[in-house]
Amino acid sequence: EMTAIDMKKDPPDRGKWLSPRLVAAVKETLAKGEQSLLFLNRRGYAPLTLCRSCGYRIQCPQCTSWLVEHKHKGTLSCHHCGFKLHKPKNCPKCEAEDSLIPCGPGVERIAEEVRETFPEARQAILSSDLVPNITALREVLETIHSGEANIIIGTQIVAKGHNFPLLATVGIVDGDIGLQGSGDPRAAERTFQLLHQVSGRAGRMGTEGRGFVQTYMPDHPVMAAILSGDRDEFAMRETQAREMLTYPPFGRLVALIVTGKEKQITELYAREVAKRAPRSDKVKVVGPVEAPLAVIRGRYRFRLLAKAPREIDIQQYLRHWQAALPKPQGDLRLTVDIDPYNFL
């Protein structure tokens, strides 16, 4: 049984992330001696730290991404290049003292809220940051299987085939996280698959399973499919949309990523790559544009995307294209990714 919790109509208390309806469901489950799982596919304590005095946001010096706070380590970390620093006491920009505040939740913050809301509960956290090796993972899983932990808090790691016999209630804290402006044509599919896997952890061994999805978009087709459990309907809708747009499996996509240490030089070469694309009525080339992650490890990134029907020999097209390109000079790099899995 899956239920949507409309966060516009049933919001959590100020400074909290679990809606009253989800809290009530977890309390009922605890009273029955059964387990609950709270799922959030976001590591750390908070995805953003900002100064409430001047509004400064702490960003990675090597990437266009915010530093993620890891409260248990006292660090701010980049999940793309691995850069870390100890959380400063003063704002790096205006130097206001104790003005840095976390924004948004990660699993550590949900765990903190669980401790405050359910002080009698015993929790287990499954996150790659907090379970560093297979031995630690086995120990956490044993506490869950034995019933020693009755509230499980986890990221994507909990969806990977684990069997929790006592698990009765699943709460998906942010069901919209994979649908928000990723530019990935497979975003809906991935979100459906992940949420379906997570919700499927409940009710596997005779207990009555139920799931709750906190969402600001309860009418989204992915949410409707999750709530109804109708995979065939979802697949049909997704298939129709992809066929109309010539997306896989009806077409081929090729990503070309140009990277370099100098932004202007990198962009100029990316524009030259676009100019040299062989003319074709069948192949559409868009870009270059800055990648969603415009800088990683100090390298600027520009993306082009080529789209073609399946009957086109895309490898042959790429061979002609690459033969016409000037060789990248200096630190410039051109990466060709056929049928890309990552759109960042």
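Trainee: In which sense do strand S2 and S10 pair, and over how many bridges?
Mentor: This is a predicted model, where local features need pLDDT of at least 70, side-chain atom pairs count only at pLDDT 80 or more, and totals for chains, interfaces and linings use all residues. Residues are numbered from 1 along each chain as its sequence is written, and side-chain values use heavy atoms, with hydrogens and water left out. Strands (E, at least two residues) and helices (H or I, at least four) are DSSP runs, numbered from the N terminus, and two strands pair if DSSP finds at least two bridges between them. Strand S2 covers residues 35–39, and its pairing with S10 is parallel, over 5 bridges.

Trainee: Which residue in S10 is the bridge partner of phenylalanine 39?
Mentor: Phenylalanine 39 bridges to S10. The partner there is isoleucine 172.

Trainee: Which residue in S11 is the bridge partner of threonine 169?
Mentor: S10 also pairs with strand S11 (residues 210–215), in the parallel sense over 4 bridges. In S11, threonine 169 has as its partner arginine 210.

Trainee: Why is strand S10 largely enclosed by the rest of the structure?
Mentor: Buried means under 20% relative accessible area, exposed over 50%, and partly exposed in between (1.4 Å probe, protein chains only). S10 spans residues 167–172. It is largely enclosed because the buried residues number 6 of the 6.

Trainee: Is threonine 266 buried or exposed?
Mentor: Threonine 266 sits in helix H7 (residues 263–275). Contact means heavy atoms within 4.5 Å. Leaving out residues up to four places away in sequence, threonine 266 touches Val258, Thr259, Gly260, Lys261, Tyr300, Phe302 and Leu332. Its relative accessible area is 0%, so threonine 266 is buried.

Trainee: How far apart in space are lysine 89 and proline 20?
Mentor: Lysine 89 lies in the loop between strand S6 (84–86) and strand S7 (100–103). Not counting residues up to four places away in sequence, lysine 89 touches Ala96, Glu97, Asp98 and Ser99. Lysine 89 and proline 20 are 69 residues apart in sequence; C-alpha to C-alpha, the distance is 34 Å.

Trainee: Which element supplies the largest share of the lining of the largest pocket?
Mentor: A pocket is an open set of points on a 1 Å grid over the protein atoms alone, where a 1.4 Å probe fits, with protein on both sides within 12 Å along at least five of seven lines; lining residues have an atom within 4 Å of a point. Helix H4 (187–199) and strand S13 (284–296) each supply at least two lining residues. The largest share, 7 residues, comes from H4.
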